[in-house]
Amino acid sequence: MQISMPENVRKIIEKLEEAGFEAYAVGGCIRDSILGRQPNDWDITTSARPLEIKALFRRTVDTGLQHGTVTVLLGGEGYEVTTYRIDGEYEDGRHPKEVVFTSNLTEDLRRRDFTINAMAYSERDGLVDVFDGMGDIGKGVIRCVGNAEERFTEDALRMLRAVRFSAQLGFSIEESTREAIAKLAGNLSKISAERIQAEMTKLLMSPHPEELRTAYETGITAVILPEFDRMMGTEQHTPHHFCTVGEHTLWALINVRADKVLRLAMLFHDMGKPAVRAADEKGQDHFIGHPEESVRVANEVLHRWKFDNDTINKVKCLVRFHDLRPALTPRSVRRMAHKVGGAMMPLLFEVQRADILAQSGCRREEKLHSLEMVGRIYEEVLEKGQCLSMKELAVSGKDLIADGMEPGKEIGCVLEALLNDVLEEPEHNTKEYLLTYSRELRNSPATNII
Ligand code: ATP
Ligand code: MG
C-alpha cells in the first residue's frame, strides 16, 4: 500500500524521524487516501512530546499543548502534530479526565473512534493497521475500535460521527456498533451544541443526507432533533404527497445540491407541518400556515445548535418562502423578488425544485413548468434592469428632503409607496415621475399613507 503524501507532510515526518522519533500521518487523511477521496487535512501523530516537537520546527502554534497538539506552520499551511496519547478515563461522556502521553503507536490508535480512522502511514513503515481498518474499508463498514458500548460511553458524540461517516462514505454501520448506538443514544444529550452542529453539518452536506433516517431509527434524533421524529410520525393525506413529512424531507434533502444553506433549508422547510396539520371533512390533510411555523422551528433549532446569524437568516428566508408561487407575470415575479431579496432568488428556485421532485407525481410537470417560467420571467426582469428594491429606486430619502419634505418617519412611508408603484410599473422609476408622485401623495390626505 503506497499513499502519496503532500511534500510538507513528508518533510515534517522526516524531520521527526531524523531526530530519533516515530511519526506517521494518521486518521482521516489515510482513510480518505485509501478511498481515493481528497483528505480535508493531514494530521500527524508522533512519539515526540510537545516541547520536543516545538524545538524541531521554526514556526509553531500551541494549539492544545495539554492534549499534546502543536500546529507546525510550513509554506503557509498548518499541520497538527500530536503526541501519541491515551485518553484516560472519561468523566462525563465528553472529556477525558486526563490525557496520558505514551511512546506506543498502537495505544494511540486504540483511542480512535473507528477502525477506518485508526490507521497510520509513513514512508519508512508503510501502512500500520492494527485494527483491520483495511478489512472494514473493503467491506464498507463503520466499526468501533474495541467494544462499541465502552467507546460510546466514553464519548457520546462518536454515535453521531458513526452516522456521519456512513453518510459521507456510503458505508453501513456494523451490527454491534449500531446496537450500541440504539442503547446509548440518550447520552448525546450531554454533548455540546458546537460539536453537534459540526457533525450535523457534515452529515447533511454528504452524498447521503438520507442517512438521517439511521439517526432516527437508532434514537439519535429523538435526543438531538425530536422535531424530526415528529415529522416521521406525520402522515400527509393529500394528492401531492405519498409519504410522511419526514420521508418527504429525506427525499428533498437528496434532491438539493450539497450546499450548507440549501440542505438546512430542506431539512426545515416542512418542520412546521406536524403542528398545523388539520383534516377536512373528506379526510384530506391541510397544513395552512406551515411555512411560518417551520421558520419558528428552524430558528429554535439553529440557535440551539449555535449556527451563525448569516446562515440562520438565509435558511429562514428560504423556509419562509418555499411555497411562494407567483402568478406567471413580471409584476408578480417582481413582487416575489422584492420580498425574497435578489441574492436569495436563485437559491429559492433550487429549494422549490427539490421540494417538487420529492412530492407525489401529481401535476409534477405543471409544477416544474411554472417554476421554470418564474425563473425565465425573473431573468427578463433582471436583464431589463427593473427596480426590485429601495436601493434601486430613482429617488432616495435625500432627494425627498431636498424636495421639501421634513426628515422623519414620513419619508420611509413615501419611499415605500413609491417602490410599491414602481414594482407595478417599472417605467415609473424616474426621478421626475417619482418626485411628482411623491408630491401628490403628500398633498392627498385620502391616500392615507402620511
Ligand atoms: P474529516 O474528514 O471530517 O476531517 P476525520 O476522520 O479526519 O474526518 P476529525 O474529526 O478531523 O475526523 O478527527 C481526526 C481523527 O481523530 C479521526 O480520524 C479519529 O482517528 C480521531 N478522532 C476524532 N474525533 C474522535 C472522537 N470523538 N473519538 C475518538 N477519536 C476521534
Ligand atoms: Mg480531519
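Helices here are DSSP runs of H or I with at least four residues, and strands are E runs of at least two, both numbered from the N terminus. The model is predicted, so to speak of local features takes pLDDT of at least 70 and side-chain atom pairs count only at pLDDT 80 or more, while totals for chains, interfaces and linings use all residues. Residues are numbered from 1 along each chain as its sequence is written, and side-chain values use heavy atoms, leaving out hydrogens and water.

Let's start with V256, in the loop between helix 13 (245–255) and helix 14 (260–268). Now for D136, which belongs to helix 5 (residues 133–139). Here is how the two look, where buried means under 20% relative accessible area, exposed over 50% and partly exposed in between (1.4 Å probe, protein chains only), and contact means heavy atoms within 4.5 Å.

| Residue | Relative accessibility | Class |
|---|---|---|
| D136 | 2% | buried |
| V256 | 4% | buried |

Leaving aside neighbours within four places in sequence, V256 is in contact with L262, R263, M266, E350 and A354. On the same terms, the contacts of D136 include T115, I116 and F171. The D136 side chain also makes a polar contact of 2.9 Å with that of R143; such a contact is a pair of N or O atoms within 3.5 Å, and within protein one must be able to donate a hydrogen and the other to accept it, with residues adjacent in sequence counting only if both atoms are side-chain atoms.

Strands pair if DSSP finds at least two bridges between them. V61 has T71 as its bridge partner in strand 4.

Note on methods:
Chains lettered and ligands numbered in written order.
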